[in-house]
Amino acid sequence: MEDCRLCESDFRFMSVIWDEEPVQSGELVKLCAKRLGWKKPTTYTTLKKLCDRGFAQNVDTVVTSLIPREQVQAYESSRFLERTFGGSLPGFLVSFLGERSLSSQEAEELKRLIDEHREP
């Protein structure tokens, strides 16, 4: 999987783009001021950086993403699982659940997901 690593602030910025795209760059400045507390220069500096890295594009002042949110989430999840649990999904689940119990609905949903992703 290609490197889709984003720091926390870049991910929050991209979330604004993903939520609102296509978005005019002037409107993006207003959204970032409201949601992130950013000033105009911060928004444009971050936008340029993420355009240069291939995450977004700004064409005729219309900003859109080039990499879907799901691709970034999949990359980060895989990286976290590998780094923290040596790639062990069962190890992650044991740690994540701890003493917590699953509802019947949650257990059924997990079973369905496991069946969908099981190797043939």
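Leu 89, Leu 93, Phe 96, Leu 97, Arg 100, Leu 102, Leu 110, Leu 113, Ile 114 and His 117 form the lining of the largest pocket. A pocket here is an open set of points on a 1 Å grid over the protein atoms alone, where a 1.4 Å probe fits, with protein on both sides within 12 Å along at least five of seven lines; lining residues have an atom within 4 Å of a point.

A word on the source. This is a predicted model, where local features need pLDDT of at least 70 and side-chain atom pairs count only at pLDDT 80 or more, while totals for chains, interfaces and linings use all residues. Residues are numbered from 1 along each chain, and side-chain values use heavy atoms, without hydrogens and water.

The volume of the largest pocket is about 440 Å³. Helix 5 and helix 6 (104–117) each supply at least two of its lining residues; helices are DSSP runs (H or I, at least four residues), numbered from the N terminus.

The second largest pocket holds about 150 Å³. Helix 4 gives the most to its lining, with 4 residues.

Now the helix pair. How do helix 4 (residues 69–85) and helix 5 (residues 89–97) cross? Their axes, lines fitted to C-alpha atoms over the stretch in contact, come within 10 Å and cross at roughly 85°. Helix 4 and helix 5 are therefore roughly perpendicular, a label for angles of 65 to 115 degrees. Contact (heavy atoms within 4.5 Å) involves Phe 80, Leu 81 and Phe 85 of helix 4, and Leu 89, Gly 91, Phe 92 and Ser 95 of helix 5.

Definitions and conventions. Axes fitted to C-alpha atoms, helices over the stretch in contact; angles between N-to-C directions. Parallel < 35°, antiparallel > 145°, perpendicular 65-115°, else oblique. Points joined across faces, edges and corners; volume = space filled by probe spheres on them.
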